[in-house]
Amino acid sequence: MSTTDRQYTMEALRSKKGYIIDMDGVIYHGNKLLPGVDKFVNFLKENDKKFLFLTNSSERAPRELQQKLARLGLDVDESHFYTSAMSTAAFLKSQSPGGSLYVIGEPGLIGALYDAGFTMNEINPDYVVLGETHSYNYEKIERAVQLVRAGAKLIGTNPDLTGPIENGIAPACKALMAPVELATGRNAYYLGKPNPLMMRHGLRRLGVSTEEAAIIGDRMDTDIIAGVESGIDTVLVLSGVTTEEEMRKFPYRPRYVLPGVGDIVG
């Protein structure tokens, strides 16, 4: 690619009206802000860009995510966050309004489900819902298996197998879901990226078309495929779980590959 082509390409990316941005591996690792993030967020604000942090993590509510970024030195309004927990709650409300659930997950997920009008039920729930959690144990897995075998439908907040943390990677929703799926012979329905419902929610909140948006993420199997299947320009940053070598193993490619989000603004 010539210098002129690269400048044109990056200018096209910078001229987008809206950005859908992953968080883990793009904005931070654990409690560590990644290089260039503050510069990128300043670019978004100074140029009146529409942006949404769209995360597959279901653990935290938008206010908690907003406060986390504040602790890391970023001032971002709560309205700029959308989580897989919120997408899961919206989906279930459309399918079974006022239903009951058995939930394995953290407060961000449970709060979103309560806000959507659901009650918790360990006896005969309509759905078993599982998201990332630090209180995962055999007793909860056993209960989930019994309930699904008794007829409860199985929902996962997102299909991520792993997620980045400060010192490596940790098991994510699909890895935690595996024992329940194997023991019941049922496959969960996963919300979150790359489910098109998540992307439609994001675009609707931004108020932009697919041509006017770009999605920025660190995962080929969620962020990039979500953009490819939704017709949105894709940006893979190598600051998370995907290396350039691993990227080449996939049958689809991102439109842009950058070391981190700071490289978008130069």
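The model is predicted: local features need pLDDT of at least 70, side-chain atom pairs count only at pLDDT 80 or more, and totals for chains, interfaces and linings use all residues. Residues are numbered from 1 along each chain as its sequence is written, and side-chain values use heavy atoms, with hydrogens and water left out.

**Two helix pairs**

Two packed helices are described by the angle between their axes and the distance between the axes. Axes here are lines fitted to C-alpha atoms over the stretch in contact, with angles from 0 to 180 degrees between N-to-C directions. Helices (H or I, at least four residues) and strands (E, at least two) are DSSP runs, numbered from the N terminus.

| Pair | Axes come within | Crossing angle |
|---|---|---|
| α6 (residues 138-149) and α7 (residues 173-184) | 9 Å | roughly 40 degrees |
| α4 (residues 84-95) and α5 (residues 107-115) | 9 Å | roughly 30 degrees |

The crossing of α6 and α7 is right-handed (the near helix is turned clockwise from the far one by less than a right angle; anticlockwise is left-handed). On the α6 side, Ile141, Ala144, Val145, Val148 and Arg149 meet Pro179, Val180, Ala183 and Thr184 of α7. Contact means heavy atoms within 4.5 Å. By class, this contact has 7 nonpolar, 1 polar and 1 charged residues. Ala, Val, Leu, Ile, Met, Phe, Trp, Tyr, Cys and Pro count as nonpolar, Asp, Glu, Lys and Arg as charged, and the others, Gly among them, as polar.

α4 and α5 are therefore roughly parallel to each other. α4 passes α5 in a right-handed crossing. Ala85, Met86, Ala89 and Leu92 of α4 make the contact with Gly108, Leu109, Ala112 and Leu113 of α5. That contact has 7 nonpolar, 1 polar and no charged residues.

**His80**

His80 sits in the loop between α3 (62-71) and β5 (81-83). Its side chain reaches the backbone oxygen of Phe51 at 2.8 Å. Leaving aside residues up to four places away in sequence, His80 touches Phe51, Leu52 and Phe53.

**Helix α9**

Which residues of α9 (residues 220-230) are buried? They are Met220, Thr222, Asp223, Ile224, Ile225, Ala226 and Gly227. Buried means under 20% relative accessible area, with exposed over 50% and partly exposed in between (1.4 Å probe, protein chains only). Their cover includes α8 (196-206), β13 (213-217), β14 (233-237) and α10 (244-247). Gly231 follows α9, and its phi is positive, near 75 degrees.

Conventions
Parallel < 35°, antiparallel > 145°, perpendicular 65-115°, else oblique. Polar contact = N/O pair within 3.5 Å; in protein donor to acceptor, adjacent residues only side chain to side chain.
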